Amino acid sequence: MTTAVVPTPDSGTDDLSVWPASTTRLGHGGLAVGGVDLAEAAERFGTPVYVLDEGEVRERCRTYRAAFPDAEVLYAAKAFLSRAMVRWVDEEGLGLDACSAGELELAVLAGFPPGRIVLHGNAKSPRDLDSALRLGVGRIVIDSPSEIARIAAAVGPAGRQKVLVRVVPGVSAGGHDKIRTGTDGQKFGLSLTDGSALSAVAHVLSQPGLELAGLHCHIGSQITEVEPYLTALRRMVGLLARIRDEHGRVLPELDLGGGHGIAYRPGEAALDVTALARRLRGALAEGCAAAGLPVPRLVIEPGRAVVGPAGVAVYRVLAVKSTGDTVFVAVDGGMSDNPRPALYGVRYAPRLIGRTPAAPRPATVVGRHCEAGDVLAAGVALPGDVRPGDLIAVPVAGAYQLSMASGYNMVGRPPVVAVHEGAARLLVRRETLADLRRRDIGE
Ligand code: LLP
């Protein structure tokens with residue numbers, strides 16, 4: 001494999017700062033990730049294909065373990081889950097945050113210890129709770145008052161289940177309205193301000209089958225500042241103190257959720273995980289000392305920041321056309337494998353790979369779906385000679401793309417290929433037309 005740095009004329013798009021650390025430039029505009037030429041991976045596995053750098057995922061897990069040595073780090077499975085991902089997270093010493101029977105069953109089947117899994121969800125189905133109790137998950141997060149009696153009944157008089165109560169601390173943070181969950185007026189959690197959190201705590205404490213292990217909050221996602229976490233932490237410590245005062249109970253755990261922001265394009269801000277760890281530790285020690293509380297064990301639940309930057313989506317260009325002033329570059333995937341631009345207006349930095357590019361010009365990368373809103377990246381710099389058959393790679397594609405993929409237009413969901421130390425292996429195969437037909441059993 002060639003690893004020499006080859007300068008390209010397209011310096012505007014040649015910034016690899018948001019790519020996996022293993023990314024190297026090959027000759028003639030090629031790129032390798034995890035020692036694997038992306039163009040070769042596209043040939044071998046077809047397109048669209050999602051390439052996941054195992055080393056980058058592991059390294060990110062290690063960064064969290066090092067920054068939070070005394071905390072419990074749970075990987076939020078909703079960002080992306082597969083059996084290999086389960087194994088990497090387990091081997092790196094993280095726990096798991098799951099939010100459905102599907103995620104739970106997959107993780108446990110892949111060998112993940114159920115005691116290190118936490119179950120979330122604003123509306124847990126009977127199946128979710130059955131799986132959680134049957135598999136023996138470590139903790140269940142209570143998200144609404146009605147759940148308390150339901151879980152207590154399912155646990156039965158002889159059982160004992162650890163739970164956390166999800167609190168809405170009244171802190172607004174996050175990259176988009178749809179992913180802000182820290183204030184009243186959205187569906188998650190129990191309000192700190194109107195007293196529902198405290199009354200849920202009282203109800204849980206009255207259930208012999210439930211053990212209240214602590215409090216939980218998750219204020220939002222794609223947060224790039226430390227301050228909102230500090231505000232949430234102080235309010236949560238305040239609630240811990242009230243619970244001690246009113247119920248004589250000192251809770252051993254404080255889960256501050258995930259939401260750690262990453263850069264999708266060069267120059268964008270990312271949350272500094274090491275600074276977050278240092279300042280949370282300081283604020284927790286200080287807040288607890290002032291309240292006369294022992295310091296609870298901190299739990300965090302990053303998803304995006306573990307897997308997002310480790311993934312690259314590779315598409316093939318199917319058509320190029322100019323309409324008015326806009327050059328549309330249409331690729332063989334789109335909103336069915338990445339709904340994020342359409343949902344949150346997120347912007348990506350795609351790049352042509354696999355051949356020497358001409359000078360750049362603005363272009364809009366669109367998908368193949370039957371909607372004008374199926375735009376993957378508007379107004380990005382792509383080589384002026386971009387043409388059908390070219391490969392377009394989109395970095396920072398590891399989180400909330402495949403896990404949110406849909407069956408729109410019956411295109412089929414792309415495969416996931418792990419790359420590591422020069423080898424590529426298929427983790428999740430492509431969804432075929434036969435897969436789609438198999439489910440359609442009526443006449
Ligand atoms: N914990 C809880 C309770 C959560 O609800 C979430 C994400 C996480 C942890 C992990 O958050 P992260 O560290 O990944 O930001 N689909 C959206 C993101 C939705 C996040 C939902 N909850 C997106 O593509 O931006």
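This is a predicted model: local features need pLDDT of at least 70, side-chain atom pairs count only at pLDDT 80 or more; totals for chains, interfaces and linings use all residues.

Me: Ligand first, then. Which residues come nearest to it?

Reply: There are 20 residues around the ligand, and of these S221, E301, R304, R340 and Y400 come nearest.

Me: And R304, how far is its polar backbone atom from the ligand oxygen?

Reply: The distance between a polar backbone atom of R304 and an oxygen atom of the ligand is 2.8 Å. G259 also contributes through its backbone, with an N or O atom placed 2.8 Å from an oxygen atom of the ligand.

Me: What about K78, which part of it faces a ligand oxygen, and at what distance?

Reply: For K78 the atom concerned is a polar side-chain atom, and it lies 3.4 Å from an oxygen atom of the ligand.

Me: Y400 was on your list of nearest residues. What is its phi?

Reply: Y400 has a phi of about 55°, a positive value in a residue that is not a glycine. As for its setting, Y400 sits in the loop that runs between β19 (391–395) and β20 (416–420).

Me: Where is the cis peptide bond?

Reply: The bond that leads from T47 to P48 is cis, and its omega is near -10°. P48 itself belongs to the loop between α1 (38–45) and β4 (49–53).

Me: OK, helices now. How do α7 and α8 cross?

Reply: Helix α7, residues 196–205, and helix α8, residues 227–247, have axes that come within 11 Å of each other and cross at roughly 50°. The two are therefore oblique to each other, and their crossing is right-handed.

Me: Which residues make that contact?

Reply: On the α7 side they are A197, L198, V201, A202 and L205, and these meet L239, R242, I243, E246 and H247 of α8. Sorted by class, the contact of α7 with α8 contains 7 nonpolar, 1 polar and 2 charged residues.

Me: And α5 with α6, at what angle do they pack?

Reply: Helix α5 (residues 126–135) packs against helix α6 (residues 145–155) at an angle of about 45°, and the axes are 11 Å apart. This pair is therefore oblique too, and α5 passes α6 in a right-handed crossing.

Me: Which residues meet there?

Reply: From α5 there are P126, L129 and L133, which meet R150, I151, A154 and V155 of α6. By class, that contact of α5 with α6 divides into 6 nonpolar residues, no polar ones and 1 charged.

Me: Last pair, α2 and α3. How near do the axes come?

Reply: The axes of helix α2 (residues 54–67) and helix α3 (residues 83–91) come within 9 Å and cross at roughly 35°, and the crossing of α2 past α3 is right-handed. In that contact, E54, V57 and R58 come from α2, while M85, R87, W88 and E91 come from α3.

Me: How many charged residues are in that one?

Reply: The contact of α2 with α3 has 4 charged residues, alongside 3 nonpolar and no polar ones.

Terms used. Residues are numbered from 1 along each chain as its sequence is written. Side-chain values use heavy atoms; hydrogens and water are left out. Axes are lines fitted to C-alpha atoms, for helices over the stretch in contact, and angles run from 0 to 180 degrees between N-to-C directions. Helices (H or I, at least four residues) and strands (E, at least two) are DSSP runs, numbered from the N terminus. Angles under 35 degrees count as roughly parallel, over 145 as roughly antiparallel, 65 to 115 as roughly perpendicular and the rest as oblique. A crossing is left-handed if the near helix is turned anticlockwise from the far one by less than a right angle, and right-handed if clockwise. Contact means heavy atoms within 4.5 Å. Ala, Val, Leu, Ile, Met, Phe, Trp, Tyr, Cys and Pro count as nonpolar, Asp, Glu, Lys and Arg as charged, and the others, Gly among them, as polar. A residue is near a molecule or strand if one of its heavy atoms lies within 4 Å of it. A polar contact is a pair of N or O atoms within 3.5 Å; within protein, one must be able to donate a hydrogen and the other to accept it, and residues adjacent in sequence count only if both atoms are side-chain atoms.
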